[in-house]
Amino acid sequence: MAYAAIGPVADLPIVNLEIDPDGFSRDATLAGGVFPGPLIQGTKGVDFSINVLNLLTDKSMDLETSIHWHGIFQKTTNYVDGPAFVTQCPIVPFESFLYHFNAFEQTGTYWYHSHFKAQYCDGVRGALVIYDSHDPHASLYDVDNEQTVVTLADWYHYVSTEAPLVPVFNSTLINGKGRYPDGPSVALAVVNVIKGLRYRLRLVSISCDPAYDFSIDGHNLTIIEVDGINHKPLVVDSLEIFAGQRYSVVLNANQPIGNYWIRAMPNIGNQNYTNFTNLAILRYALAPIRNPSDDPTSDIPTSVLPLKETDLHPLDATPVPGDPFPGGADININLNVTLSSDFTEFLVNGFTFDAPTVPVLLQILSGAQSASDLVPAGSIYGLDPNKSVEITIPAGAAGGPHPIHLHGHAFHVVRSAGNSTYNFVDPVIRDVVSIGADSDNVTIRFFTDNPGPWFLHCHIDWHLEKGFAVVFAEDVPEVSEKDIVTDQWRNLCPLYNNFINSTSS
């Protein structure tokens, strides 16, 4: 079933419940009491006012929470971006915080999730869509609604606070349903279509770890949007989607009436279809209610049009910041990522991100004048305003490929994974990029037009927990002028400190 969408004005309670989406019952932490969390929707230019209420009581998991609105730039509202100890203190039990923001010109497919420790792996994750009544791609599809949002998630049979050194998920959930290899035959998710119509499927990876190779048997998919940015239509028959990424694809329901496998093969873990794992069903109206086949391995199609990131180009001409050669930005930063010898922490240029006790934004608002005044030392990079920035991130750190997400911006990927050449003319624009493997040196560009401390981190949540992150402190002197925080925001840290003191005594 699909849960009712909410927004742009809504309460979002964060609660503990026992759920069994793959047939295995476990305690979870959920947005709105459901998994995935309810779709939050709005239209271009509207104000979002999401009142997050912390109703958590289960001490086997984290009791604090904080919500990030992934892909929303939060211009002038850095304080509601959500990452704990970067832009706010967490919300403690039985308190609430109003996330009020406007996405201005942004439209497309986004998502939201807890940004406190690894809490989103326990269930606090859901899709967010901003609809555009003047969508330039509108002529390409007939149907685009809450029934055409498709979420891909990994699911664990243990709570995040008890995860092993190298966590491995137990099942893949498509729209909140799935199976594990030795589990019961629970119902799979179904996406319903009518022959002759064209559907905008909004594919959202709400994964904590794996990337997924996504395809639908018998159907090509036309990519029209990447991470909230319109791109020129690109026909593929499969695509790899990393944690945090989104694609809108047009599916033309032009095949014989029947049932077709929707496949989401992870790049780690259970990489087969035993017990109908990693599957959902595309079902045409008037088709019989049954599986597409008795054996999903007997008819696996061979992909002949797999997505190559370098084939994606923005719909609108969007100049790449800086000069058209490597190192041609005003600010050029190389981030060298390594894993400690005991496998317990990642280091970026020799420093692991250790969350400060005072959020970076609060440090700035309390008088810090430059990045050098901010902690954690070694993990803060100052960026002057109105500058082109180039970030290079060589691959090679264990546990890859690592999907890297930048808050507060989308970026041009001038060099993609698996590619040694550069595109300074019309590369893909997105907010999560895989840095690949081996000799890859993925390179991104963006422009500093959004004051605030912005997190850059691996979106494998277990890696973020191990310190795979830095903060870009952008235009520090302007932050207090542009980001006017609320009294409720200022109260978060005193409430959090009192909670920590009361629970530790």
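This is a predicted model: local features need pLDDT of at least 70, side-chain atom pairs count only at pLDDT 80 or more; totals for chains, interfaces and linings use all residues.

**Entry 1: aromatic rings.** Phe48, Trp69, Phe97, Tyr99, Phe101 and Tyr112 came out as one aromatic cluster.

**Entry 2: Phe35 and Trp155.** I picked this pair next. The ring centres of Phe35 and Trp155 are 4.8 Å apart and the planes stand at 50 degrees, so I logged the pair as tilted. Phe35 sits in the loop between β2 (26–31) and β3 (37–43), while Trp155 belongs to strand β9, so the pair links parts of the chain 120 residues apart. Both Phe35 and Trp155 are buried. Trp155 has a charged neighbour too: Arg26 lies over the face of its ring, 5.0 Å from the ring centre.

**Entry 3: Tyr156 and Trp462.** How far apart are the ring centres of Tyr156 and Trp462, and at what angle are the planes? I read 5.3 Å centre to centre and 75 degrees between the planes, an edge-to-face pair. Tyr156 is in the loop between β9 and β10 (171–174) and Trp462 is in helix α2 (residues 461–465), so this pair ties together parts 306 residues apart in sequence. I checked burial as well: Tyr156 and Trp462 are both buried.

**Entry 4: Pro167.** I then turned to Pro167, which is also in the loop between β9 and β10. Is Pro167 buried or exposed? Its relative accessible area is 8%, and buried means under 20%, so Pro167 is buried. Pro167 touches Tyr156, Tyr158, Asp209 and Trp462, leaving aside residues up to four places away in sequence. That list includes both rings of the edge-to-face pair from my previous entry. Pro167 and Asp209 are 42 residues apart in sequence, and their C-alpha atoms are 8.9 Å apart.

**Entry 5: nonpolar cores.** The largest nonpolar core holds 84 residues, with Leu239 and Phe472 having the most contacts inside it. Strand β9 (residues 149–155) gives this core its largest share, five residues. I also found a second, separate core of 53 residues, with Ile50, Ile72, Ala84 and Phe85 among them. Back at Phe472, I listed what it touches beyond four places in sequence, including Ile333, Tyr381, Phe446, Pro453 and Trp454.

**Entry 6: strand β17.** Six of the seven residues of β17 (residues 246–252) are buried, so I wrote this strand down as largely enclosed by the rest of the structure. Strand β12 (residues 198–205) runs antiparallel to β17 and is joined to it by seven bridges. Strand β14 (residues 221–226) is antiparallel to β17 as well, with four bridges.

**Entry 7: the whole protein.** I counted four helices and 31 strands. For 505 residues, a compact globule would have a radius of gyration near 23 Å, and the 22 Å I got agrees. The C-alpha trace spans about 65 × 55 × 50 Å along its principal axes. Buried residues make up 59% of the 505. Finally, of the contacts between residues at least 6 apart in sequence, 75% join residues at least 24 apart.

Notes
Residues are numbered from 1 along each chain as its sequence is written. Side-chain values use heavy atoms; hydrogens and water are left out. Buried means under 20% relative accessible area, exposed over 50%, partly exposed in between (1.4 Å probe, protein chains only). Helices (H or I, at least four residues) and strands (E, at least two) are DSSP runs, numbered from the N terminus. Two strands pair if DSSP finds at least two bridges between them. A nonpolar core is a set of buried Ala, Val, Leu, Ile, Met, Phe, Trp, Tyr and Cys residues joined through side-chain atoms within 4.5 Å. Contact means heavy atoms within 4.5 Å. Rings of Phe, Tyr and Trp (its six-membered ring) pair if their centres lie within 6.5 Å; planes under 30 degrees apart count as stacked, over 60 as edge-to-face and the rest as tilted. A charge sits over a ring if NZ of Lys or CZ of Arg is within 6 Å of the ring centre and within 35 degrees of the ring normal. The radius of gyration is taken over C-alpha atoms; the globule rule is 2.2 Å times the number of residues to the power 0.38.
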